[in-house]
Amino acid sequence: MTTLTGEDFDFTFLEEGFCARDIVGQKINESSLSDDKDAFYVVDLGNILKKHLRWVHVLPRIMPFYAVKCNDSKAVITTLASLGAGFDCASKTEIELIQSVGVEPNRIIYANPCKQVSHIKYASAHGVQMMTFDSEVELMKVAQCHDNANLVLRIATDDSKAVWKLSVKFGAKLKTTRLLLERAKELGLDVIGVSFHVGSSCTDPETYTQAISDARYVFDMGTELGYNMTLLDIGGGFPGSDDNKLKFEEIAAVVNSALDKYFPADCNVRVIAEPGRYYVESAYTLAVNIIAKKVMMKEQSASDEEEDGANDRTLMYYMNDGIYGSFSSSRPNPVLPNLHKKSKPDERMYQCSIWGPTCDGLDRIVEQCSLPDMQVGDWLLFENMGAYTMATSTNFNGFQKPDIDYIMSRAAWQCMQQICAQGLAGGSN
């Protein structure tokens with residue numbers, strides 16, 4: 001297991017009673033002495049620890065293989081590696097990153113059903129055996145390029161209740177699975193299990209029940225064909241914050257029930273999952289500065305005039321981060337800001353839109369929200385910004401990615417050291 005030390009990455013110990021919001025406030029106060037008011041992140045690594053302990057408690061049979069694509073921060077990767085998590089990689093570069101922090105090949109699943117040949121060869125050369133497939137062409141590539149692959153058949157699911165759908169691109173239909181398993185036999189390949197993904201930000205936990213049932217069907221088919229299937233990968237889709245209508249514990253209850261029915265604990269099947277958003281979303285807080293402002297007057301009706309001009313204007317705020325940066329994946333569920341300065345109880349609120357800094361007219365973060373009359377130089381805070389933000393951001397128009405400050409309480413640090421010493425991993429597999 002990877003051992004975490006204070007030299008792995010820079011972070012600041014939180015003082016007793018302090019939280020991430022306090023550190024954000026300190027940094028904003030420091031910036032008041034300078035014209036340099038760049039956007040920045042504060043990341044509480046202790047939050048990731050809490051998520052891990054919650055996972056182990058609620059889903060004890062399932063080992064998490066963190067989805068690296070969600071957030072490939074070295075600090076996040078090292079923290080999760082030290083906690084015993086596995087990793088879901090989608091490319092040569094991600095495999096290289098994970099192995100650079102000392103993660104063993106058997107804690108990596110190459111979970112991209114459509115792989116470049118050179119990347120398959122890299123995985124083979126570096127001992128990564130578990131990898132997914134969903135087509136005959138992929139089987140043929142693996143047969144030619146990997147000496148000892150342990151294949152996992154990815155099946156399509158009903159992801160109509162997910163915010164971001166994946167089955168339109170990945171996953172074999174059930175009616176084609178027998179042909180694929182037979183073809184794998186002909187090529188001399190070993191298929192060790194089944195995987196699926198219900199889509200990112202799933203809103204219906206029963207989707208997992210149907211998918212696990214479908215996986216059981218494919219397992220039984222594999223047994224008929226002579227395979228010894230020992231791995232079930234239930235993918236991701238778990239919520240990353242408690243702001244979601246669907247809570248993590250609700251999904252876990254459905255998943256545990258389905259596993260008990262279709263893959264009971266004594267069936268000798270190892271169960272893993274690929275959580276990404278779950279681990280990192282709530283750990284990140286983004287602070288952005290208002291760099292420009294525009295007041296738009298609008299035509300008044302008689303009723304508006306009677307309200308003493310309360311609706312006589314709309315405000316456009318321009319921030320130093322946008323949809324080509326940290327908000328690149330915010331659609332179709334845009335996030336709303338929090339005020340750094342608390343508004344007064346009687347402070348007038350206005351209809352506002354929030355825009356990013358680029359010269360692209362599509363760079364709009366929030367189409368409409370209610371905010372007070374703020375000034376250039378004021379700050380807005382966005383919480384739950386750890387998932388698919390930095391990982392998908394660009395430097396379009398020359399705007400740089402925000403700096404990141406990592407923090408952790410001493411209690412969290414001590415807990416992590418104990419976990420490292422005990423070798424506690426996620427799940428009981």
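Glu186 is exposed, with a relative accessible area of 60%. Its partner in a salt bridge is Arg183, and the closest N and O atoms of the two are 3.0 Å apart. Please keep in mind that this is a predicted model.

- Arg183 has a relative accessible area of 21%, so Arg183 is partly exposed.
- Glu186, at 60%, is exposed because the cut-off for that class is over 50%.

- The structure has 16 salt bridges by the rule used here.
- In one of these contacts, Arg54 meets Asp242, with 3.1 Å between the closest N and O atoms.
- This pair links distant parts of the chain, since Arg54 sits in helix α2 (residues 45-58) and Asp242 in the loop between β11 (231-233) and α9 (248-262), 188 residues apart.
- Arg54 also forms a salt bridge with Glu249, at 2.8 Å from N to O.
- Here, too, distant parts of the chain are linked: Glu249 is in helix α9 and Arg54 in helix α2, 195 residues apart.
- Asp242 counts as partly exposed because its relative accessibility is 48%.
- Glu249 likewise counts as partly exposed, at 35% relative accessibility.

- Asp35, Asp36, Asp38 and Asp403 form a negative surface patch.
- Asp403 is placed in strand β19, which spans residues 403-409.
- With 56% relative accessibility, Asp403 counts as exposed.

**Strand β19 and its neighbours**

- For Tyr41, the bridge partner in β19 is Ile404.
- As a general point for viewing strands, side chains in a regular strand alternate between the two faces of the sheet.

- Most residues other than glycine have a negative phi.
- Asn268 is not a glycine, yet has a positive phi of about 65°.
- To find Asn268, go to the loop between α9 and β12 (270-273).
- Is Asn268 buried or exposed? Asn268 is exposed, because its relative accessible area is 66%.
- Asn397 also has a positive phi of about 65° without being a glycine.
- Where is Asn397 placed? Asn397 is in the loop between β18 (379-382) and β19.
- At 40% relative accessibility, Asn397 counts as partly exposed.

Note on methods:
Residues are numbered from 1 along each chain as its sequence is written. This is a predicted model: local features need pLDDT of at least 70, side-chain atom pairs count only at pLDDT 80 or more; totals for chains, interfaces and linings use all residues. Side-chain values use heavy atoms; hydrogens and water are left out. Patches are made of residues with over 30% relative accessible area and no salt bridge: like charges are joined within 9 Å, nonpolar side chains (Val, Leu, Ile, Met, Phe, Trp, Tyr) within 5 Å. Accessible areas come from the Shrake-Rupley method with a 1.4 Å probe; for residues, only the protein chains shown count as cover. A salt bridge is a side-chain nitrogen of Lys or Arg within 4 Å of a carboxyl oxygen of Asp or Glu. Lys and Arg count as positive and Asp and Glu as negative; His and the chain ends are not counted. The place of a charge is taken as NZ of Lys, CZ of Arg, CG of Asp or CD of Glu. Helices (H or I, at least four residues) and strands (E, at least two) are DSSP runs, numbered from the N terminus. Buried means under 20% relative accessible area, exposed over 50%, partly exposed in between (1.4 Å probe, protein chains only). Two strands pair if DSSP finds at least two bridges between them.
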